[in-house]
Amino acid sequence: MATDYHEAVACKSQLPHIKSALGLTRPDYTTGIADWLTTVDHKKIGMLYAACALFFFLVGGIEALVIRLQLIIPNNHLISAQLYNQLFTMHGTTMIFLGVMPLSAAFFNYIMPLQIGARDVAFPRLNAFSFWVFLAGALVLNLSWFFQLAETFGWFIPVDGKTDIVPAVGWFAYSPLTSVQFSGVGTDFWLLGIQILGVASLAASFNFIVTIINMRAPGLTMMRLPLFTWMTLVTGVLIIFAFPAITIALLELMFDRFFETNFFHVEKGGQPILWQHLFWIFGHPEVYILILPGMGIISEIIPTASRKPLYGYPLIVFSGAVIGFMGFTVWSHHMFTTGLGKVATAAFSLLTMGIAVPTGVKILNWIGTLWGGRIRFSVPMVFSLGFIWMFMLGGMSGIMHSAAPADAQQQDSYFVVAHFHYVLVGGLLLSLLAGIYYWVPKVFGRMMNQKLGYWVAGMVIVGFNVTFFPMHYLGLAGMPRRTHTYWSGFGWELWNPVATVGAFVLGIGILLCFIDVVRTVIKGKPCGSDPWDARTLEWSLPSPVPAYNFAAMPVVQGRDAWWLHKHEAGEEARLTYEPIDPHGIHMPSQSWWPPFGGLGFLVFGISMCMHGAGVVFAGYGVIVGLSIVVFTILCWALEGPGGYYIKPAALHAEAGAMGETQSSSEFKG
Amino acid sequence: METTASLSLPEPAHAHAHTSSGIENKKLIMWLFLASDCMFFGTLITTHLIYRKLYPSGATEEGILNITQTFNIELTSFSTFILLMSSFLMAIAVSAMHKGELKSFRRNVLGVIFFGFIFLGCQVFEFTEFVHGNPELGVPPMTLSNSVFGSTFFVLTGTHGTHVAIGVLWLIGLFFYSFSGRMTRDSALDVEICGLYWHFVDIVWIIIFTVVYLVEYL
């Protein structure tokens with residue numbers, strides 16, 4: 001579908017109101033809330049993802065702190081056992097699907113296209129759709145709290161009389177606990193929320209993979225890609241192959257709950273262990289889906305702060321790919337105690353030990369990068385070093401679990417809780433905080449408070465260790481996870497209050513960081529376009545980045561192109577730019593359909609849950625929701641990609657006659 | 001702005017955008033979706049086969065089901081053949097669109113839609129027969145909830161049927177769109193992508209027909 005021609009404009013508010021093929025006006029000229037709702041700009045979508053992720057980090061954090069308060073003393077009755085179950089279920093689900101994954105997606109969205117020299121992702125409207133569907137899934141999951149509140153006031157009574165309206169089945173929702181016999185509407189909220197989030201993750205991943213494979217700047221070969229972009233690619237591949245397993249598992253569970261099938265009904269021949277297999281075939285790659293973006297962030301920050309190229313770049317790339325591949329071969333180590341048989345247990349044991357090798361290679365390479373570097377202990381670097389250290393500790397206890405006999409002892413104890421929090425908080429969260437401190441200056445052109453940053457790093461690392469290191473002892477002393485209280489006399493009275501105190505230090509540290517992000521956005525100190533003297537293409541752009549990213553397309557001359565351009569001698573080390581299209585830069589048109597599609601999924605999800613709760617006419621809501629989705633797709637296809645032309649600021653002043661040399665000097669920053 | 005107004009406006013850049021790999025974005029994303037879809041069907045087929053091996057009669061007790069009696073293999077073979085032939089017509093439709101022959105495209109797409117409807121009709125008929133059974137011949141009913149085999153069979157073949165139905169809707173959309181005057185040789189890519197999807201759904205059916213239907217007659 002051809003773009004309607006018009007003269008390029010300097011600002012999109014000057015755009016003529018062009019009708020799309022559907023006969024409706026595209027919302028390209030909009031400002032304010034309508035602009036944020038209809039945006040297809042990968043940078044704005046990244047910011048939306050980040051805002052949601054930070055919010056849900058706080059929600060999940062509060063849930064965690066209530067859990068810790070409940071466990072501070074033996075025989076505590078601060079909260080009921082059911083609320084405790086709901087809190088740990090929602091804490092895990094929220095942190096994984098609504099905190100970490102969207103924050104990674106925020107970095108993918110904002111940073112990856114800039115690193116590869118692209119003007120946007122391959123499918124801008126699909127990208128917006130991913131975000132709105134993500135938000136719909138997040139709302140379906142969390143609206144359950146409001147229905148639970150309504151239930152306590154007696155305004156909402158599910159037909160089955162079960163009071164668990166917030167999910168209470170654990171983040172891996174083992175069958176047969178999830179059957180209608182044993183759990184209420186909460187399980188419906190959980191399964192539909194995750195199902196909708198899966199749609200969002202899949203759509204986003206297809207988009208990112210196509211973008212990385214197809215939209216690299218000239219000269220940017222695969223083995224010149226920045227590591228963060230590489231890890232985005234591997235994560236995308238993991239998502240598209242791992243999510244189908246959980247999607248089908250959830251579909252089978254949904255049929256069991258709504259249409260009385262027998263996939264997991266024991267009395268009719270269903271096998272609960274099938275759920276465990278399907279869940280972990282997704283669940284273990286999911287662990288790498290969570291950690292690989294973090295590893296990518298670290299691989300950007302450490303060379304920048306060490307002022308040295310990444311040591312063993314090809315090895316780190318291949319290790320990332322091998323981790324991604326092997327991530328699919330180790331799922332049964334979550335199920336050693338289910339009686340898989342000797343051969344299967346031995347095989348999964350060996351493979352689990354094997355996957356530690358590429359991880360170790362990466363750690364060695366990061367340390368090798370530090371070796372002999374002129375290290376600057378900037379705030380992102382402090383977090384990155386914390387990542388290496390804490391992640392390694394988590395990896396060590398992981399190797400302990402790979403020995404099946406040892407795992408049989410540690411299974412379902414606090415030792416496991418300690419292990420995965422070392423990987424996910426000590427590892428992943430630190431790397432995400434590092435990413436926030438590293439890239440916020442690029443996003444907003446303002447520096448975060450560095451002094452506070454060191455305090456945050458100290459509080460997070462100390463608080464985290466005080467919380468989770470004692471859990472190793474608690475686990476080995478036999479304290480089971482997921483029990484809402486414990487008796488005194490088991491030797492658990494000392495370390496539980498210590499862990500609770502640590503959790504609050506950790507929580508305050510993270511809260512301070514988030515408050516500082518908000519403060520920085522409003523009135524942070526302005527900084528240049530390249531405050532870290534960094535290495536990759538995104539730092540060659542002004543901060544904040546203009547809507548069109550690159551006024552002229554860069555021609556990449558090597559790995560770490562921006563660093564070579566700044567510091568390497570010789571003409572061949574300079575970045576060059578392709579000539580600018582005199583008519584201006586082609587931008588994709590904005591669209592109302594992506595948020596409308598998200599609304600369809602929201603209506604669908606909530607109506608399904610209400611149908612499960614026996615609300616009359618809720619079934620019609622399901623049909624309405626799905627119809628909105630189908631209608632959206634139809635209108636989306638018919639309105640076409642559209643597009644308009646915009647003149648970059650520099651180009652506009654020169655009235656369309658800017659040469660290569662001028663444009664490159666423009667960006668020396 | 002007289003000088004800029006006199007500039008001749010270039011062709012829109014995105015119509016034939018150059019990509020790093022040489023594969024069009026739309027085609028690549030469809031291939032990625034199909035790769036992912038393999039895992040969807042892989043999971044469903046695996047579920048079916050695991051339970052099939054676990055319960056030789058298809059249910060926890062003998063006599064609940066009689067699978068070979070329930071199946072109507074002649075009908076399913078016919079609908080399988082129809083689906084295969086629809087792929088043939090789809091290939092001709094794509095080729096016609098590449099040549100810009102709109103009339104031939106419409107004719108063949110109508111054929112694909114018609115064959116798609118025949119397949120879906122056979123599936124609806126078959127499902128109805130299975131659910132009711134045949135008390136006169138002593139064929140017990142097979143439903144979603146009376147046996148594990150029923151659950152896995154209906155969800156697997158139903159998911160495939162949903163894929164076919166989506167494909168048919170997509171083709172109907174393309175058919176009507178071809179009258180809008182906006183469909184040119186440049187749209188051949190859109191048709192080709194729809195074709196990729198259709199062929200994939202067809203291939204999946206061949207696997208399902210083999211491991212769900214034919215295997216029962218070994």
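Q: Which hand does the crossing of α3(A) and α5(A) have?
A: Keep in mind that this is a predicted model. The axes of α3(A) and helix α5 (residues 185-214) of chain A come within 12 Å and cross at roughly 20 degrees. As for the hand, the crossing of α3(A) and α5(A) is left-handed.

Q: Are α3(A) and α5(A) roughly parallel or antiparallel to each other?
A: Start from the angle: the axes of α3(A) and α5(A) cross at roughly 20 degrees. Angles under 35 degrees count as roughly parallel. Therefore α3(A) and α5(A) are roughly parallel.

Q: How many nonpolar, polar and charged residues does the contact of α3(A) with α5(A) have?
A: On the α3(A) side you'll find T93(A), F97(A), M101(A), A105(A), F108(A), M112(A) and P113(A). They meet W190(A), I194(A), L197(A), S201(A), A204(A), F208(A), T211(A) and I212(A) of α5(A). Sorted by class, the contact of α3(A) with α5(A) comes out as 12 nonpolar, three polar and no charged residues.

Q: At what angle do helix α3 and helix α7 of chain A pack?
A: Here we're pairing α3 (residues 81-115) with α7 (residues 272-306), both of chain A, and their axes are 10 Å apart. The crossing of α3(A) and α7(A) is left-handed. The packing angle of the two helices is about 40 degrees.

Q: How do the residues of the contact of α3(A) with α7(A) divide by class?
A: Helix α3(A) brings I96(A), V100(A), S104(A) and F107(A) to this contact. From α7(A) come L290(A), P293(A) and I297(A). By class, the contact of α3(A) with α7(A) divides into six nonpolar, one polar and no charged.

Q: Is F282(A) buried or exposed?
A: F282(A) sits in helix α7 of chain A. The cut-off for a buried residue is 20 or more other C-beta atoms within 10 Å. F282(A) has 28 C-beta neighbours inside 10 Å, so F282(A) counts as buried.

Q: Are α12(A) and α14(A) roughly parallel or antiparallel to each other?
A: Helix α12 covers residues 414-444 and helix α14 residues 495-523 of chain A, and their axes come within 11 Å. Those axes cross at roughly 5 degrees. Therefore α12(A) and α14(A) are roughly parallel.

Q: Which residues of α14(A) do L433(A), I436(A), V440(A) and F444(A) in α12(A) meet?
A: The contact of α12(A) with α14(A) has seven nonpolar residues, one polar and no charged. Facing L433(A), I436(A), V440(A) and F444(A) of α12(A), the residues in α14(A) are C513(A), V517(A), T520(A) and V521(A).

Q: Is R26(A) buried or exposed?
A: R26(A) is placed in the segment before α1 (32-38) of chain A. Leaving aside neighbours within four places in sequence, R26(A) is in contact with I18(A), S20(A), S589(A), Q590(A), S591(A) and G642(A). R26(A) has 24 C-beta neighbours inside 10 Å, so R26(A) counts as buried.

Q: What is the radius of gyration of chain A?
A: Chain A has 19 helices and six strands. The globule rule gives 26 Å for 669 residues, and chain A is close to that, so chain A is as compact as a globular protein of that length. The radius of gyration of chain A is 25 Å.

Q: What radius of gyration does chain B have?
A: Chain B has seven helices and zero strands. The C-alpha trace of chain B spans about 85 × 35 × 30 Å along its principal axes. A compact globule of 218 residues would come near 17 Å, but the radius of gyration of chain B is 22 Å.

Q: What percentage of the 218 residues in chain B is buried?
A: Over in chain A, 55% of the 669 residues count as buried. For the 218 residues in chain B, the buried part is 34%.

Definitions and conventions: Residues are numbered from 1 along each chain as its sequence is written. Chains are lettered from A and ligands numbered from 1 in the order in which they are written. This is a predicted model: local features need pLDDT of at least 70, side-chain atom pairs count only at pLDDT 80 or more; totals for chains, interfaces and linings use all residues. Axes are lines fitted to C-alpha atoms, for helices over the stretch in contact, and angles run from 0 to 180 degrees between N-to-C directions. Helices (H or I, at least four residues) and strands (E, at least two) are DSSP runs, numbered from the N terminus. Angles under 35 degrees count as roughly parallel, over 145 as roughly antiparallel, 65 to 115 as roughly perpendicular and the rest as oblique. Two residues are in contact if their C-beta atoms, placed from the backbone, lie within 7 Å. Ala, Val, Leu, Ile, Met, Phe, Trp, Tyr, Cys and Pro count as nonpolar, Asp, Glu, Lys and Arg as charged, and the others, Gly among them, as polar. A crossing is left-handed if the near helix is turned anticlockwise from the far one by less than a right angle, and right-handed if clockwise. A residue is buried if 20 or more other C-beta atoms lie within 10 Å of its own, exposed if 12 or fewer, and partly exposed in between; C-beta atoms are placed from the backbone. The radius of gyration is taken over C-alpha atoms; the globule rule is 2.2 Å times the number of residues to the power 0.38.
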